[in-house]
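Work through the exercises below with the model open. Each task is followed by a solution in steps.

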Amino acid sequence: MKKNPIVFLATDHTSINGRIESMLKKNKWLDPLVVATVDLDAALEKSRPALIILTENFDICKRLKTSESSKDIPILILLFDADLEKEARHAQADRCWEYVPTELDGLYNLIIQLLPKGRKKILVADDEEIVQDVICRALDTEKYDIIKACNGVEAVEKILEYKPDLVLLDINMPEKNGIEVCQEIKQDPENSDIHIIFVSARTEENVIEKGFDVGADDYLTKPFRLEELVSKIDLVFSGMIWERKEKVLIVDDSSIVRSMLYNGISQQGFKVITACDGEEGLKEAIEEKPDIIISDVEMPKMNGYEFCKAVRGRDDLKEIPFLMLTSRDTRGARALGIRAGVNTYLSKPFQVDRIVVIIERFLSEKRKKFEQEREVMIASIAALAKALDERDRYTRYHSQNVSDYSVEIAKKLNLSNNEIEQIRLSGIVHDIGKIGICDAILLKPGPLTQEEFLVIQEHPVKGASILRPIPSLKPIIPFIQYHHERIDGRGYPSGLAGDNIPLGARIIGVADTYDALTTDRPYRKGKTPAEALEIMVKCKGSQFCEVCLPPMIEVLKEQGKI
Ligand SMILES: [Fe+2]
């Protein structure tokens, strides 16, 4: 059996020991132990701590650090006087920390840092190779050894062989499902300290419940955000919590229920708002726009059903998942709830960790819907962009070409996958603002007049305003709006210069010009790649970004175009 690291609290100050002890006890993977300095030697004979915390007892520190049996144990000295740092160092303390009772967070992080790390082993059991791949790539291989299994039988074998610290376990797997795997592993007391997190697309409450019943530590529903998974793993190993953006509104007239839910849910990193009746709940909902609402049924002023109806009656709130807490889980009560628009019922008494999983499930469904809507929206815009290209047989593949070149430049600049995806999309829609320009100007087979050129110049701003109503496209709006700016500030529409032009817009600018120069027009033939590049290189630093042009040249070389 692996043991939790023991931390000796030997400060001889009851209040300091007490504060640190209760802080460390919140992390269930640590065992703090208060030891009086006079009993230190006896305590060291009984157990070997992973860390000793002292106050300004420099002599004791020095003695421990010079003794063969204790010299390798890290010692942290808490100072009341920061000027004594030198003495602490002289006593060979590994670290010292100025003790301020109100600033315990920093001390906690330092303690965690001082504890021995050791590489942790994580087993990823999932039958879908792509899921396995995504998870493995998200995990820090510097910190963890990763083992993979692609079915339940293999998972059990590898767990028994490698004794991982954590198993990320899918449920629907061939040969043996995740629930059976977890049950089998947890039955053996030898393995009871292996942490298991289910990572599953199964979102039914009874399956989640079953997962916890067979001994899971946590449950994550697919699709999940990688930060969420990483945070859960951090929570398992270090007690650190990832701060989340999502807000949960809890409405209950019982202060006990409110504080229980508040503590349990905020401990998972959610922002939690509370209200004590439906009326106050509605006010908070309007103001805070929570991502999820959990409400009691019987409350003064406005009960849970009335509150839910009020939420469903408002355009700005009607989509928010509404969870009802009830102690009267009857069919009649359920029917009333469903009529009012309740998404699901949670029966009292409840366990907070299961409520957290249900919250995660609703948020993951919301994300799925958001993603689907985004995909539909993007597909429509891409279709629109294609239609625009089709208006002019000369520019038929322009948007796609700009997108392709831009992606290659972005890759060469080592942008993140997310940024590359944004660039890809920006390339497709960069000229969407031309949609409102009449054929007579857009397709004019000759140079444009000054006035016509002014009309054309409106397209980046028009494009940005076409895309602005779609919330998920917000990050790419600046790329569209500024793709005709120039490094020397002589571009349009705003005359931005240098780094003030977003990198995405500078990338699109390079790809756009190259494709335009090499495309045949009714009044001139397209330039060869080498000719186009020669023109562009001459304008490096004036029209084009010095960072984006060299990668474009590299790309063309690789493609054998120059
Ligand atoms: Fe453009």
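**Exercise 1.** How many residues has helix α22, and how far does it reach from its first C-alpha to its last?

The model is a predicted one: local features need pLDDT of at least 70, side-chain atom pairs count only at pLDDT 80 or more, and totals for chains, interfaces and linings use all residues. Numbering starts from 1 along each chain as its sequence is written.

Step 1. Helices are DSSP runs of H or I with at least four residues, numbered from the N terminus. Helix α22 covers residues 503–517, which gives 15 residues.

Step 2. The expected span is 1.5 Å times one less than the number of residues. For α22 the reach is 21 Å, close to the 21 Å expected.

**Exercise 2.** Determine which residues of α22 are buried and what covers them.

Step 1. Apply the burial cut-offs: a residue is buried if 20 or more other C-beta atoms, placed from the backbone, lie within 10 Å of its own, exposed if 12 or fewer, and partly exposed in between.

Step 2. The buried residues of α22 are G504, A505, R506, I507, I508, G509, V510, A511, D512, T513, Y514 and D515. Because 12 of the 15 residues are buried, α22 is largely enclosed by the rest of the structure.

Step 3. The cover includes α16 (398–412), α17 (417–429), α21 (477–481), α23 (529–538) and α24 (549–558).

**Exercise 3.** Describe how α22 packs against α23.

Step 1. Two packed helices are described by the angle between their axes and the distance between the axes. Axes are lines fitted to C-alpha atoms, for helices over the stretch in contact, and angles run from 0 to 180 degrees between N-to-C directions.

Step 2. The axes of α22 and α23 come within 9 Å and cross at roughly 135°. The two helices are therefore oblique to each other (under 35 degrees is roughly parallel, over 145 roughly antiparallel, 65 to 115 roughly perpendicular, the rest oblique).

Step 3. T513, Y514 and L517 of α22 make the contact with A532, I535 and M536 of α23 (contact: C-beta atoms, placed from the backbone, within 7 Å).

Step 4. By class, this contact has 5 nonpolar, 1 polar and no charged residues (nonpolar: Ala, Val, Leu, Ile, Met, Phe, Trp, Tyr, Cys and Pro; charged: Asp, Glu, Lys and Arg; polar: the others, Gly among them).

**Exercise 4.** Describe α9 and α15 in the same terms.

Step 1. The axes of α9 (residues 205–213) and α15 (residues 352–391) come within 11 Å and cross at roughly 135°.

Step 2. E205, I208, E209 and F212 of α9 meet R354, V357 and I358 of α15. These residues divide into 4 nonpolar, no polar and 3 charged.

Key:
Contact = placed C-beta atoms within 7 Å.
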